[in-house]
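Open the model in your viewer and follow the stops below in order. Each one says what to select and what is there.

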Amino acid sequence: HLSDKLKENEIERKKIESMRNEWIANISHDIKTPLASIKGYAELMHNDYDIDLNEVYQYAEIIDGKANYIKELVDDLNLTMKLRSDYSNISRKEKNIVSLVRGCIIDILNNANYSNVEIDFESSDESILIEIDETLIKRVINNLLYNSIIHNNETVKIKVNILLNDKVHIIIEDNGRGISQEDLKYIFERYYRGTNTGEIHKGSGLGMAIVRDVINAHNGDVKISSKLGIGTSVEVIL
């Protein structure tokens with residue numbers, strides 16, 4: 001029995017080590033790529049090549065965008081580490097979760113890039129008060145909504161429903177491409193990207209890991225189900 005247990009532990013250790021090495025390699029790649037662009041455009045501007053003022057503005061904008069991407073990645077890494085190491089970092093206050101979710105939806109629809117997206121919103125109650133960290137829960141809702149938008153085509157329909165029984169249930173459903181069962185196994189892993197990730201809005205690759213960590217920090221639960229060609233449903237329970 002001890003021998004079998006040691007073998008299982010060794011297999012698990014190698015699996016974790018492999019995942020960690022792959023994770024580090026992915027992060028290194030995603031930092032090196034924008035850094036190469038920053039260095040290249042900075043050299044163009046520094047070496048007095050024959051470039052006009054409009055090109056300088058264009059290069060500066062690209063450098064700024066790449067730098068912001070690296071900052072987002074580092075900030076997300078810090079957030080996941082902080083949440084995993086010490087849940088006491090979250091600051092809970094009593095908030096109306098219905099207003100919070102509605103506000104997230106309105107903010108997205110007010111964005112010109114997503115003004116044509118169809119999002120239906122329903123709630124069993126107009127006011128549901130719950131003690132949460134408002135900033136972190138907004139991050140969760142935004143991550144889930146943007147996932148439904150950016151990983152599907154423009155015709156996707158999204159439904160958001162809030163139910164109150166013994167707990168608060170926030171359900172976000174879409175009729176998009178869906179997620180394969182293989183991808184679902186790793187959907188909450190740090191830095192995991194499935195096959196449906198597009199180029200328009202890559203993000204840091206830590207979105208779903210952050211969703212899980214934030215909800216765990218609130219002693220809640222998050223469930224996801226999906227079928228290819230049918231759509232995806234995510235349920236947040238607080």
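Select helix H3 (residues 97–109) and helix H4 (residues 134–150): their axes come within 10 Å and cross at roughly 45°. Axes are lines fitted to C-alpha atoms, for helices over the stretch in contact, and angles run from 0 to 180 degrees between N-to-C directions. Helices (H or I, at least four residues) and strands (E, at least two) are DSSP runs, numbered from the N terminus. This is a predicted model, in which local features need pLDDT of at least 70, side-chain atom pairs count only at pLDDT 80 or more, and totals for chains, interfaces and linings use all residues. Residues are numbered from 1 along each chain as its sequence is written, and side-chain values use heavy atoms, with hydrogens and water left out.

Next, pick Leu-145. Leaving aside neighbours within four places in sequence, Leu-145 is in contact with Cys-104, Ile-105, Ile-108, Ile-158, Val-160 and Ile-172.

Move to Lys-95, in strand S1 (residues 93–96). Leaving aside neighbours within four places in sequence, Lys-95 is in contact with Ile-128, Leu-129, Ile-130, Ile-132 and Glu-134. The C-alpha atoms of Lys-95 and Glu-134 are separated by 7.4 Å, though the two are 39 residues apart along the chain.

Key. Contact = heavy atoms within 4.5 Å.
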